[in-house]
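Please look over the sequence and the model below before reading on. The paragraphs that follow are meant to be read beside them.

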Amino acid sequence: MITGPSGVGKGSLISLLRHRIPELELSTSATTRSPRTGEQQGVDYHFLDQDEFLEKVAAGEFLEHAAYSGNHYGTLRSEVEGRVAAGHPVVLEIEVQGARQVAESMPEATQIFIAPPELAALKQRLEGRGTDSPEAIGRRLEVAEEELAARDEFHHVVVNDELEAALDELEAIVRGKLSQSDQ
Ligand code: 5GP
């Protein structure tokens, strides 16, 4: 499971990592936030409305879920449990509250926290991405400050300072885990 503040580059790192380790399967999360331009239903997220999301919460369909920046996000059990039972490695890209829940319910999962070199760099990246309003960026930075304080709760911390170096580090952690699971 890969966690860390929004905008820290979790998504880019994971997609590069999956080029290097193609057997990694990505869990597609559910969210109540609106799709961004180019995002596809069922590919980037399962986009649900509030009622649909809460029904699934009540039905126990989520492995973890959290309210984040005014929306709900969650990992559906159906995305993870069958694959894990079949021995396939699954990657979750989730924020910190959800990561804590997974650490509790699946202690065998490897926990990796991606940290930005500093908050200024995170702000620049969120602004550079151009997908969020200044208010939304402000909210995300506030949450990011809180999230950074959580870094030491997780097994590994990878600082995304230089992309290639962070990717190498991430790859080494994941390959280490995969070789353990093969034994
Ligand atoms: P975004 O709106 O930028 O796609 O995602 C906002 C935050 O929600 C990011 O930190 C992202 O990693 C996190 N997130 C995405 N999917 C999930 C999920 O299934 N569960 C939780 N807890 N967080 C998620």
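The model is predicted, so local features need pLDDT of at least 70 and side-chain atom pairs count only at pLDDT 80 or more, while totals for chains, interfaces and linings use all residues. Residues are numbered from 1 along each chain as its sequence is written, and side-chain values use heavy atoms, with hydrogens and water left out.

Helix 7 has 20 residues and reaches 28 Å from its first C-alpha to its last; helices here are DSSP runs of H or I with at least four residues, and strands are runs of E with at least two, both numbered from the N terminus. Its buried residues (buried means under 20% relative accessible area, exposed over 50%, partly exposed in between, with a 1.4 Å probe and protein chains only) include Leu 167, Leu 170 and Val 174. Seen down the axis of helix 7, the buried residues fall within an arc of 165°, taken from the directions from the helix axis to the C-beta atoms, so they line one face of the helix. The face turned away from that buried side carries the exposed residues Ala 172 and Gln 180.

Asp 168 lies in helix 7 and Arg 20 in helix 1, so the pair ties together parts that are 148 residues apart in sequence. Arg 20, Glu 164, Asp 168, Glu 171 and Arg 175 are linked in a network of salt bridges.

Conventions:
Expected span 1.5 Å × (residues − 1). Salt bridge = Lys/Arg side-chain N within 4 Å of Asp/Glu carboxyl O.
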